[in-house]
Each structure stands twice: as structure tokens, then as C-alpha cells.
Amino acid sequence: SSLYILNSIDTRTICSSEQKAKYALLYSQALDKNLIDVTDDSLINIAVDFYRKDEDIEKRFLAYFYQGRVYSNAGDNTKAILSYTQAERLVNDINIPYATGLLYARIGEIFFLQYDYPKSLDAYTKALQYYTLADKKSHQIYTKINIGQIYLNYKQYDKAERIITEALEWSFQNNKNLCQGCIDILSTIYVDTNNESKLDSLLNSK
């Protein structure tokens, strides 16, 4: 609905720099929320250029975050990390736990793709903390699965099993689309550790 409303606005009526920046930020948020992966930074840069000098720190944070999303969509993870780092510097000056959780989850994703597991684990752990503050349960579960995958790569099987089992129990009751991923990871753990009894129990459970 937000995207529909924004599309209905005649942009010729947006005159001041502040109005243009606010529109650019809101429109970038709406596109991202609707899974429309923008790769051109011209729109979000209007917001970044304005809010980097403005006193509204929350909007500055969001502008840098969505600039990072655009660069990530374009496959430029170097620029994405630079934008996310600018946003991260503002974390202690704002109070928007959900958006902060999104920021750290995206940072964790990039570092995971680069096989930098220590930095990825640190970022995902922070994302989990902020998602908990924001009471975003499904986001917490997705993040736990990511953390469990890192522990699996580290061969820290006990930690991986514990956190993925938690995710599986919640997923079975609330989001069955996540169950398969949890089962795959647990199956890998039990195969790697030669734990046939747990593997059998898992695969024959309800």
C-alpha cells in the first residue's frame, strides 16, 4: 500500500531538498520491502546526500542502509559493506532495533559469502540480539539457522545441533518452509558425527 501511494504522487510537486530526500528514502524502503531489487543508486543517493548533513540521525542510518541494499543487489559487496559500515557507526545514536537487526543480518550475509566466518558470526549474533529486542520471532529463527550453519562449518557440532534444534521446533509449529533447511543441517551433523541413532530418530519423527 505504501508503494502504491508513493507511485501515485506527482513528483513534480516535490520541490524542496528535504521533501526530495524523504521521498527517495521512503520509495527505496517500499521497493525493498516489496522485494524489488533496485541496482541503480541514483534514487537512494538523493537521500544519502541530504541526510549525511542533516541532524536526523535515524534517517541518515536508513539512507546508508538502503544504499547498501542497492549495492548488494548490484553484486558490489565492497560498496555495500562501506555503506553498511557508515550505518553501523550510527547504531549507538538511534533506537530502531528492527532496522538495526536487518543491518547486521546483511553484514553477516556478506561476510558468510566471503567465507569470513568470525565476522559473519559476530554480525549474526548482533542481528539476533536486535531482532529479540524488536520481538521479530521469524527473523530470529532465520538468524539462528545462519548461526547454526557457521557452527557446522566450524565443526562445532554441539552448538550447531542445539541452535538448529531450537529453530526446528519453532519452525514445525509456525513456518514449515524452514523445516527442511533445519532437517538438512541436522542430518549433516549426525552424518558427520556418525550418530546413526539421532539421524534415524530425526528422519522417522513426525
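View 1. Helix H5 runs over residues 77-88, and because each of its 12 residues is counted at 1.5 Å, the helix should span 16 Å, which agrees with the 16 Å between its end C-alpha atoms. The expected span is taken as 1.5 Å times one less than the number of residues, and helices here are DSSP runs of H or I with at least four residues, numbered from the N terminus. This is a predicted model, in which local features need pLDDT of at least 70 and side-chain atom pairs count only at pLDDT 80 or more, while totals for chains, interfaces and linings use all residues. Residues are numbered from 1 along each chain as its sequence is written, and side-chain values use heavy atoms, with hydrogens and water left out.

Which residues of H5 are buried? They are Ala 80, Ile 81, Ser 83, Tyr 84 and Ala 87, where buried means under 20% relative accessible area, exposed over 50% and partly exposed in between, with a 1.4 Å probe and protein chains only.

View 2. With a disulfide taken as a pair of cysteine sulfur atoms within 2.5 Å, the count comes to 0 disulfides. Cys 179 is in no disulfide, and the nearest cysteine sulfur, that of Cys 182, is 6.5 Å away. Cys 179 counts as buried because its relative accessibility is 9%, and Cys 182 is also buried, with a relative accessible area of 0%.

**View 3. The largest pocket.** A pocket is an open set of points on a 1 Å grid over the protein atoms alone, with protein on both sides within 12 Å along at least five of seven lines, and its lining residues have an atom within 4 Å of a point. About 690 Å³ of space lies in the largest pocket, a volume being the space filled by probe spheres set on the points, which are joined across faces, edges and corners. Of the 23 residues that line this pocket, the closest to its centre are Tyr 98, Leu 102, Arg 106, Tyr 131 and His 139. H6 gives the most to the lining of the largest pocket, with 6 residues.

Methods: Helix = DSSP H or I, 4+ residues; strand = E, 2+ residues; numbered from the N terminus. 1 Å grid on protein atoms, 1.4 Å probe; cavity = no way out; pocket = protein on both sides within 12 Å on 5 of 7 lines; lining within 4 Å.
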